[in-house]
Amino acid sequence: MVNLIQNYANNIGQGISSVNNTTKKYYNNLTDVNSDNLLKPLDGKGYLVENNLATAPVEFAKDTYYTAKSLQKGITGKANDHELGKLNDLGLKIGGLSIAAYLMTKRQTPKMKAMEFIGFGSFLASMAIWPKVALQWPAQLIHGVNFRKQYVDEQGRKKYLTQDPNYIPFDLMKGKRKSEDLGHIADRMGVPKNEKDRNELAKEHIRKVSVQNNTLWMLTAGFATPIMTGLICNRIEGPLGKLTEKISNNRVNKMIDKIAAYQKGSAGLTGEDKDKFTKLESKIVDMKPYEGTEKKLAKLLTSKTGQVISEKDIDAINELLTEGFDTQTQKTAKFDLSEMLKADKSVINDETVNEISDAITKKLDGKYGEGYTASIFDTKKLSEHVNNFMNQNGNPKNGVLGADKSDELRNSLGQLIEDSISGNKSIREARKEVITDMATDAINNVFAKKKAAVLTDEAAGQISKAGHILRKFRAYDRTISSATHFKVENAPETIVGNNWGDVTSTLIKELHISPKELNEAKSSEELTAQLFTRKLENIAKNEEKYQKFVSNIAEKMALLDEKLDNPKSGKRNAMDVLVDGIIQNCDDTAKDLHALPFSNLAERIGGGNIEGNFIGSIKDSKLRRIKIQRVDSVKSSYMRLLHTADFFRRAEEYNTGKGGFSGNQKLDKALIEKGKKILMSSHSGDFYLKHETANNVSFYKALIWHTFNSGAMSESTKKALNKESHEVFAGKSTMAQRITKWAKHVGNLMGTNIYDFLKNNTEGINNFTRAQQTAVEKFNKIACTPDNMLYNALKGKYNSNKWLRMWTTAGSIVLGTTLAAQFAFGKQDKN
Amino acid sequence: MGIDTSNANTTIALTPKSATCPPYNHVHIPAEHIPDETTILPNNLNTRARRSFQKVTSAFTEYPAKGLKGDKKSTFYEFLTMGNVPYILGSLTFMGLFNGAPSWFPNVNKKGARHWGNRMALGVLFYGLAKNLSKSLVTVPVKMATGIDTEMPYQKVSYTIPDRKDAAPEPVYEQHKVFESRDFPRYDILYNMKEGEPRNYYFDRIAQKNGLGKNLEASDGEVKPLIKDVISRSSTAKSLSTYAWGGIGVMLAVQPAWTNFFKALSKKSWKKFIPNNNENKFINIVDKGINTSKNLWRITQSFGRNLVKASKELYNGPATAKGFNKHAGKIFLGFAAALSAFGAINTIYGAKTYGGRKITIDSKKKVQVD
């Protein structure tokens, strides 16, 4: 390099040797310089950056390295302006990521957590994509100018070629590409080949188009970037939800496998197997989160043991004992605690003796005059007697005597006084009896007052044990609940919730509802019912369409079982494992609590067996929640939808002369009309009112029979729904079988032989248990009406469509205006 | 958003010092006769407000008008100043996006979605506020310790070549900071800063304050590299910490406490004024004014109250949460505070130790140029 510079300098020297060696003369005679022998200046090191998919990774790596180096130079005070600019970009990214990470903590589901980062990523992507797609490419297409071309200058700083309109390094445009060729750009402008200063015109064109596009970029990015970010997130959310559901379900299923292994117990395990089980148990029944409470309870019990305890103390113990449990359970536990810590003990100390002495003195002196007691009885004897008694009984801690010993002391004190009085010859016999009675009364009164609840060692031990049992219950329940929550709960991103979304989306899709129909139907449930009926009647007319309709919906419904039960694993049904887990946890806890004086608490958690249902217990509410309220009611809604479709198909077949109802044409017409209405829209209240058939008993009976109980099913439905794929588990019924079962159940539960409206609560044809006949059970079985199901789905669809349409329109306007503006750009001034 | 503008002169002309254009109506007057009106401005709230106002108004009016025409006089400064446009429009669009959906939600979902949308919209506002205000966490300690005000504003006045022969040169006003560029700080306007003081008054003070010595022969030459060091370090600190503080703004805005503020802000909570027919118009107008003031005071109080509450919520985390979810607020607060503190300390350290690191040219040492 040094040689090059020296050669260059020498050559320059030779070139200008004919020129007088003063600056003035040099400039004066500049035109006379013979430059033929001069060397060309060295080529600059600057170059245009190739930005394409192939070079992107390398450029990314280079940029990352440059930023890291800039940071190091920035901290040591050596970074230049360009490097400091890069650190600003770095700050933006760090800030954005910290926001995403924080907002993630506010989100409950994996999908929403991931969306926070995707949102930030989409924002950065939108910032990069918008100027490229909406400005750079169209400008290049129309004007032949790439105004966002980047270059690296002599100092290695990467910049946009045209960002400073007063300094565009045109010398780097060496015509390697058409957009870098001034000649080509002049051609595109229509400048004649022989035009003077042709290249200068092209340069001015580049400058002008660049200034205009850079300005337009600044004006549009504020709208475009957020809109693009929103739309990208909107598009990603669906597929991401499916992915996160799969990942989460796999994770939960693995946990369920561990629960199943834990349920087998450790009996018969030895050595390594036993160690493995211990490890497994520590995961499934993780007590760590509850260690703090357990310690607090132990501390409280230690501090109160052997002492008289108040109601407040019992509340404090109960609070720690039942932390995390519902109010009802806490009340039950307090009931047990209060029983255990009854005020049936006495505290005997010096104060007690004084109180007895004072009470006797007060009574006798009050009757026979001051000083009388002292004249007939030495109260010191009381003290000696009590001390002897306590010594003989091992001086119990804090002077606490149980009920028996307390009575013994009380009686012995009475005897002491009686003996003392009877030996006193100065007292008349008649008075002796009176005095003895009065003194005994006084003693009894003091002992009655001294009754107190005392936390004994035994009671403290029992409470401590109960606390441990309850913590263990919570630990196991926590593991099970995390799985049941994800599988069935009424919350975002659960298996049941997502499946409901899939089924209803498929329903909307299969009904081919136009935007106009959607707009009308979403305003009321009645309009939705009308639309649904009309659509379903049309579909039912065509066997092929009908079969496709029910089959596609049933396929989605069947996925619910598959996702809930995980049948492909070849292991036990996952939901059964969870149900067994709940039963095991509740039963074991109840059994352990029964062994302690916490029988009511035991019943509250696992007992109360009424007609095979654990009414009122935690076990009952947990099982009822997942089995009946969530899974069964959703499945009942699905069956109702399919049964409704089948009924519509049967009605259509009847119209074309196939199949039959009652055989009476007039009655059949009425049955079909009413049946459609009931299936489409009737809630449990309508069943109680017998679907407004008050004055026609036989019609009502026929209606219930043909709508629910007959077991009839269209052949088309059978063909479409008797699929093995719907069985999920071997031995489980097909979708067609399930529909019939559901319909008969509802018919039996809600229909009645007794046509008595005063009774209102119908009695089933079959004998259901009382637990199965509660209003809640009926509500769950009748489930969601198809029109309500569609109505809510349409509203959701309308909302998301509206949002999407509004922002897509806004985005399209911004994009359209930006694209159109290109046609006004680049026009050269006439002069 | 858009391009990086933080290290650039993103400000725009204040009203000219003298409203009238200098009397250069004759184009034959040589350019060197035009005085340099570039002046340092006081670094106070008034200047900041006026500069921001003019920057924003020009960015939305004058500069786009020139830019869209492809004006020959469009400059890089104008392009950078227009960087404010996407920031402001983007913030408003984001607010619209966050709040746009709940209008069509069923009532049961509307409430929750609206609360979150409102909070996110507030977050956009807090982001900008926190980002700007947090600069002071670096610049104030640095100014106190080194005497260098890295935010020192100045107004640059230049005259453009007239479009027509008979036209007067038009003044162009640009708002800059003396130390906005590390490569080209405006040392030239730091000479003769104070009347009656030596030419190098400013540099003398900086040299003395940073331990380079008193009565230096050429304090400007000694201090200039130190200033560059301070610009580089403080700019790094600002770039990294202000965005983190902007994030804290968003985190603060999403706390549940703000629900109460939005309730206080709602139309429902606005205590309506019912004119008293028995009173005259003037009294009613006064009463209406009092009623409005009371409502505004109520909203302000609610804001203050909930700001404190939200800050506590951010710091303490949700009561039921554990681990990162519980302590995320503390962690990010600590992170932002650490960035500011480290940035300020590093800048001050750089300035204070500069004397010991000064580069002296060793005539015996070989220097290779490549």
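1. In this predicted model, helix H7 of chain A passes helix H22 of chain A in a left-handed crossing. The residues that make the contact are Asn253(A), Ile256(A), Ile259(A), Ala260(A) and Gln263(A) on the H7(A) side, and Ala574(A), Val577(A), Leu578(A), Asp580(A), Gly581(A) and Gln584(A) on the H22(A) side. Sorted by class, this contact holds 6 nonpolar, 4 polar and 1 charged residues.

2. As for the geometry of that pair, H7 (residues 198–263) and H22 (residues 574–594) of chain A pack with their axes 9 Å apart and at an angle of about 50°. Because angles from 65 to 115 degrees count as roughly perpendicular, those under 35 as roughly parallel and those over 145 as roughly antiparallel, with the rest called oblique, H7(A) is oblique to H22(A).

3. Turning to the two chains, 51 residues of chain A are in contact with 54 residues of chain B. On the side of chain A that touches chain B, at least two residues each are supplied by helix H3 (56–75), helix H4 (81–106), H7 and helix H31 (786–821), and the largest share, 17 residues, comes from H4(A). By class, that side of chain A has 25 nonpolar, 18 polar and 8 charged residues.

4. The largest nonpolar core has 119 residues, and Val550(A) and Leu642(A) are those with the most contacts inside it. Helix H24 (residues 618–655) of chain A gives the most to this core, contributing 12 residues. If residues up to four places away in sequence are not counted, Leu642(A) touches Val550(A), Ala554(A), Leu721(A), Met735(A) and Ile739(A). Another core, of 97 residues, lies apart from the largest one, and among its members are Ala100(A) and Met127(A) as well as Leu314(B) and Ala336(B).

5. Leaving aside neighbours within four places in sequence, Val488(A) is in contact with Thr494(A), Ile495(A), Val496(A), Ile626(A), Arg630(A) and Val631(A). Of these, Arg630(A) is 142 residues apart from Val488(A) in sequence, yet the C-alpha to C-alpha separation of the two in space is 6.2 Å.

Terms used. Residues are numbered from 1 along each chain as its sequence is written. Chains are lettered from A and ligands numbered from 1 in the order in which they are written. This is a predicted model: local features need pLDDT of at least 70, side-chain atom pairs count only at pLDDT 80 or more; totals for chains, interfaces and linings use all residues. Axes are lines fitted to C-alpha atoms, for helices over the stretch in contact, and angles run from 0 to 180 degrees between N-to-C directions. Helices (H or I, at least four residues) and strands (E, at least two) are DSSP runs, numbered from the N terminus. A crossing is left-handed if the near helix is turned anticlockwise from the far one by less than a right angle, and right-handed if clockwise. Two residues are in contact if their C-beta atoms, placed from the backbone, lie within 7 Å. Ala, Val, Leu, Ile, Met, Phe, Trp, Tyr, Cys and Pro count as nonpolar, Asp, Glu, Lys and Arg as charged, and the others, Gly among them, as polar. A nonpolar core is a set of buried Ala, Val, Leu, Ile, Met, Phe, Trp, Tyr and Cys residues joined through C-beta atoms within 7 Å. A residue is buried if 20 or more other C-beta atoms lie within 10 Å of its own, exposed if 12 or fewer, and partly exposed in between; C-beta atoms are placed from the backbone.
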